[in-house]
Amino acid sequence: MPSRQRAFLVLALLASGGLASFAAALAVGSLAVPVPDVIAALLGQPVDNAAIVLELRLPRALAGFACGGLLALAGALMQVLLRNPLADPYVLGISGGAGVGAMFAILLGLGMAGINGLAFLGALGAMLIVFGLAHGDGAWTQTRLLLTGVIVAAGCGALVALMLSIAPEHKLRGMLFWLMGDLSQTGAPWIALAILGAALLATMPFARELNLLARGHDTAQALGVDVRRLRYAVYAIASLVTAVAVTSAGSIGFVGLVVPHLVRLAIGNDQRLLLPASVLAGGALLTLADTLARTIVAPQQLPVGVLTALIGVPVFLFLLARHPR
Amino acid sequence: MNAPLISAQALQVSIGEHAVCTDLDFSLQVGERLAILGRNGAGKSTLLSVLAGLRTADVGEVRLSGQNYAELGPREAAKRRGWLPQRHGDAFASSVLETALTGRHPHLGRWDWETNRDTEIARGALKAVGLAGLEDRDVQTLSGGERQRLAIATLLTQGPPLYLLDEPLAHLDLNHQIAVLDLFAGAAKDCGAGVIMVLHEPGLADRYCDRALLIHGDGRTELGSCREMLTAPCLTELYGHPLKEVESDGHRWFIPC
């Protein structure tokens with residue numbers, strides 16, 4: 001159990017890591033901007049390339065941080081709620097649900113708001129199916145949960161493939177980039193950041209109760225947790241957070257799975273520390289991954305979801321092998 | 001306050017179509033110990049979880065020191081009764097000490113962190129069940145008996161005046177069975193704790209409890225002193241297998257014929 005001082009130390013370390021990832025995201029690119037110039041631009045002083053830093057890179061870095069944090073928070077909350085270390089928005093087919101909504105919107109020729117709206121509805125729909133079938137305690141629930149996630153993801157994959165195959169040529173590229181996870185077209189990062197902050201603030205007072213919930217519903221109830229109310233609240237917050245993340249950046253895989261797990265390996269499973277640490281680590285990781293995605297083959301850009309999946313798949317397989325239950 | 005630690009009024013509990021008890025009335029006073037006995041599947045655990053407020057009864061009410069669970073709320077209830085589950089699922093890695101410390105939850109405020117005093121209480125409880133020195137072990141690496149003793153230590157850390165124990169002797173070897181029963185007997189005698197435990201060994205029930213509640217599995221229940229309830233004819237009927245009573249060193253034991 002980490003002491004309060006140690007918790008603050010870990011969070012301060014992660015926060016400085018987040019700042020470093022921001023510095024990299026703002027300075028690195030097809031046109032390198034020296035860090036002093038980045039700082040000057042942020043402070044509003046007129047320097048060369050201030051527009052690149054403030055108008056292109058800053059919104060994208062903020063969006064990356066917000067999405068990474070949202071996905072990591074969603075993953076951490078789902079893992080507690082379902083008592084399963086393998087729970088994650090991508091694995092459970094929730095990103096797939098959002099993908100179906102977004103593809104449908106693009107196919108219909110809707111604008112940004114329409115795409116976001118339908119992606120949001122798709123994510124909520126997939127979540128209703130998965131959580132509706134996979135509540136309760138016991139070994140069977142764990143199996144059923146993963147099976148339900150796989151089935152939902154497969155069904156969504158088929159629908160997405162169907163829509164891709166009938167889509168006209170000029171819409172295909174946009175659809176594919178959305179599916180692979182893309183931060184280049186995120187609209188307002190401030191909304192996602194605000195929701196991230198609000199969700200974290202709303203869950204922190206219940207962090208110790210979440211620790212108990214992770215040990216089993218009856219155990220938590222016997223130790224004084226209002227399990228019913230807590231589960232509904234966490235379910236609502238996890239759904240909202242996932243939907244916002246998936247809506248604003250497309251389907252970025254495995255951040256929600258890998259980040260909470262790595263943080264848990266490093267500092268243990270105390271949610272009072274795990275939740276904020278996952279948010280910071282997830283934000284920093286996605287900001288870095290996105291910086292890499294747009295510099296590795298510059299001036300071409302890779303979808304950031306490809307990078308996170310390339311990291312996430314082996315980690316997920318490793319975890320599955322370690323948890324044979 | 002002279003209200004009993006726990007009282008049940010006109011309690012009716014069932015699992016699906018199967019009746020566990022109908023119209024059960026009883027109360028448990030300070031320092032009293034009650035054994036619940038019955039066949040597998042008779043509903044002992046279900047009844048105990050109703051008493052612990054984790055399930056609702058079909059009819060009737062459970063009160064802790066005069067107040068029902070709805071009036072108390074989960075937090076206050078956790079200060080008045082502790083519940084030992086039959087199964088312990090650990091989905092995530094956690095140290096032995098962390099697990100024992102969860103017992104302090106109802107005593108801490110929303111923003112409080114565990115203090116040194118809480119840690120001392122948890123360490124004391126671990127020592128009481130013979131787990132001293134294992135504080136940093138991962139619970140997922142414990143043996144069944146060690147995990148069971150850790151659950152008991154968590155309960156002692158919680159320190160409620162009423163203990164509801166679902167098969168406290170599961171997975172324990174003989175010396176720890178007696179140690180655990182002695183522990184709760186001591187809590188009852190010295191601290192006035194009430195104990196209700198589901199047991200499978202009538203001889204130990206007779207030795208460590210004041211009263212016994214027999215659950216027949218068809219809705220019939222019998223409650224009385226161990227002397228009255230735990231007899232060869234009664235237990236033969238309860239378990240559906242002939243049992244013989246023998247006496248040794250002043251203790252009564254029941255042996256399957």
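Reply: Let's start at B:Glu167, which counts as buried because 20 other C-beta atoms lie within 10 Å of its own. (Buried means 20 or more such atoms within 10 Å, exposed means 12 or fewer, and partly exposed lies in between, with C-beta atoms placed from the backbone.) This is a predicted model, in which local features need pLDDT of at least 70 and side-chain atom pairs count only at pLDDT 80 or more, while totals for chains, interfaces and linings use all residues. Residues are numbered from 1 along each chain as its sequence is written, and chains are lettered from A and ligands numbered from 1 in the order in which they are written.

B:Glu167 sits in the loop that links β7 to α6 in chain B. (Helices, H or I with at least four residues, and strands, E with at least two, are DSSP runs numbered from the N terminus.) Its phi is positive, near 50°, although the residue is not glycine. Most residues other than glycine have a negative phi.

In β7(B), 5 of the 5 residues are buried. From this strand B:Leu162, B:Leu164 and B:Asp166 point one way, while B:Tyr163 and B:Leu165 point the other way. β7(B) also has partners. With β6(B) it runs parallel, joined by 4 bridges, and B:Leu165 is the bridge partner of B:Leu84. (Two strands pair if DSSP finds at least two bridges between them.)

Which residues of α6(B) are buried? They are B:Val180, B:Leu181, B:Phe184, B:Ala187 and B:Ala188. These residues cover an arc of only 115° around the axis, so they lie on the same side of α6(B). (The arc is taken from the directions that run from the helix axis to the C-beta atoms.) The face turned away from that side carries exposed residues: B:Leu174, B:Asn175, B:Asp182, B:Gly186, B:Lys189 and B:Asp190.

What do the buried residues of α6(B) pack against? In chain B they meet β3 (33–38), α5 (144–158), β7 (162–166), β8 (194–198) and α7 (202–208).

After α6(B) comes B:Gly192, with a positive phi near 70°. Put together, β7(B), α6(B) and β8(B) form a right-handed β-α-β unit. (Right-handed means that, with the strands pointing away from the viewer, the path from the first strand over the helix to the second runs clockwise.) B:Glu167, where we began, belongs to the loop between the strand β7 and the helix α6 of chain B.

Technical notes: Two residues are in contact if their C-beta atoms, placed from the backbone, lie within 7 Å.
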